[in-house]
Amino acid sequence: MNKTTVTFGEYLKRKREEKQISLRELARRLELSAPFVSDVENNRRAPLTEERLATLAGVLNLNEAEKAEMYDLVGQQKGLLAPDLNPYVIDRPYVNAALRSARNLDANEEDWQRFVEDLIKRKREEN
């Protein structure tokens with residue numbers, strides 16, 4: 001994943017404006033106050049909770065790539081794994097073991113790309 005200088009707040013504001021949704025309307029749909037949402041957009045508050053992020057994705061009608069970008073920005077800003085990946089990792093202890101192995105072996109982007117391509121190929125062959 002590439003480092004980015006865009007914050008979640010900047011992303012939120014850009015997407016809200018692209019969809020022509022007012023700050024007050026977004027706040028209403030998220031069941032938050034407009035000042036709170038403004039603070040999030042201006043990076044004076046932490047990104048939204050996972051539940052509100054899911055609601056936000058629906059309100060903004062984000063596609064899968066946009067949702068992934070949003071969750072990645074939240075994870076980066078919080079210094080944590082992207083929130084949408086937490087359940088997958090928590091429910092599968094072997095994922096932690098794989099990540100540690102990759103870290104210990106200093107896996108690079110090319111290694112991960114090959115892994116993903118192999119996984120996609122195997123899944124297609126199974127179907």
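**Figure 1. Helices α4 and α5.** Helix α4 passes helix α5 in a right-handed crossing. On the α4 side the contact is made by Leu 53, Ala 54, Leu 56 and Ala 57, and on the α5 side by Lys 67, Met 70, Tyr 71 and Val 74. Sorted by class, the residues of this contact are 7 nonpolar, no polar and 1 charged. This model is predicted. The axes of α4 and α5 (residues 64–78) cross at roughly 150° and come within 11 Å. Angles over 145 degrees count as roughly antiparallel, and α4 and α5 are therefore roughly antiparallel to each other.

**Figure 2. The chain as a whole.** The chain has 127 residues, and buried residues make up 28% of them. Its secondary structure comes to 8 helices and 0 strands. The C-alpha trace spans about 45 × 35 × 25 Å along its principal axes. Of the contacts with a separation of 6 or more, 55% come from residues 24 or more positions apart.

**Figure 3. Helices α2 and α4.** Helix α2 covers residues 23–30 and helix α4 covers residues 50–59. The two pack at an angle of about 130°, and their axes are 10 Å apart. Leu 26, Arg 29 and Leu 30 of α2 meet Arg 52, Thr 55, Leu 56 and Val 59 of α4. The residues of this contact comprise 4 nonpolar, 1 polar and 2 charged. Leu 56 of α4 takes part here, and Leu 56 also belongs to the contact of α4 with α5.

**Figure 4. Helix α3 and its cover.** Helix α3 is mostly covered, with 6 of its 8 residues buried. Which residues of α3 are buried? They are Ala 34, Val 37, Ser 38, Asp 39, Val 40 and Glu 41. Their cover includes helix α1 (8–18) and helix α2. After α3 comes Asn 43, which has a positive phi.

**Figure 5. Ala 34 in helix α3.** Ala 34 has its place in helix α3, which covers residues 34–41. Is Ala 34 buried or exposed? Its relative accessibility is 15%, so Ala 34 counts as buried, the limit being under 20%. Not counting residues up to four places away in sequence, Ala 34 touches Leu 23, Arg 24 and Ala 27. Leu 23 is 11 residues from Ala 34 along the chain, and their C-alpha atoms are separated by 6.2 Å.

**Figure 6. Arg 16 in helix α1.** Arg 16 lies in helix α1. With a relative accessibility of 8%, Arg 16 counts as buried. What does the side chain of Arg 16 reach? It reaches the backbone oxygen of Ile 21, at 3.0 Å. Leaving out residues up to four places away in sequence, Arg 16 touches Ile 21, Ser 22, Leu 23, Leu 26, Glu 41 and Leu 60. Among these, Glu 41 is one of the buried residues of α3, and Leu 26 is one of the α2 residues that meet α4.

**Figure 7. Two loop residues with positive phi.** Most residues other than glycine have a negative phi. Gln 20 has a positive phi, near 55°. This residue sits in the loop between α1 and α2. Gln 20 is exposed, with a relative accessible area of 75%. Asn 43 also has a positive phi, near 60°. Asn 43 is found in the loop between α3 and α4. At 33% relative accessibility, Asn 43 counts as partly exposed.

**Figure 8. Ala 68 in helix α5.** Ala 68 has its place in helix α5. With 32% relative accessibility, Ala 68 counts as partly exposed. Where does Asp 84 lie relative to Ala 68? The two are 16 residues apart in sequence, and their C-alpha atoms are 8.1 Å apart in space.

Definitions and conventions:
Residues numbered from 1 in each chain as written. Predicted model: local features only at pLDDT ≥ 70, side-chain atom pairs only at ≥ 80, totals over all residues. Heavy atoms only, no water. Axes fitted to C-alpha atoms, helices over the stretch in contact; angles between N-to-C directions. Helix = DSSP H or I, 4+ residues; strand = E, 2+ residues; numbered from the N terminus. Contact = heavy atoms within 4.5 Å. Nonpolar A, V, L, I, M, F, W, Y, C, P; charged D, E, K, R; others polar. Buried < 20%, exposed > 50% of the residue type's maximum accessible area, 1.4 Å probe, protein only. Parallel < 35°, antiparallel > 145°, perpendicular 65-115°, else oblique. Left-handed = near helix turned anticlockwise from the far one by under 90°. Polar contact = N/O pair within 3.5 Å; in protein donor to acceptor, adjacent residues only side chain to side chain.
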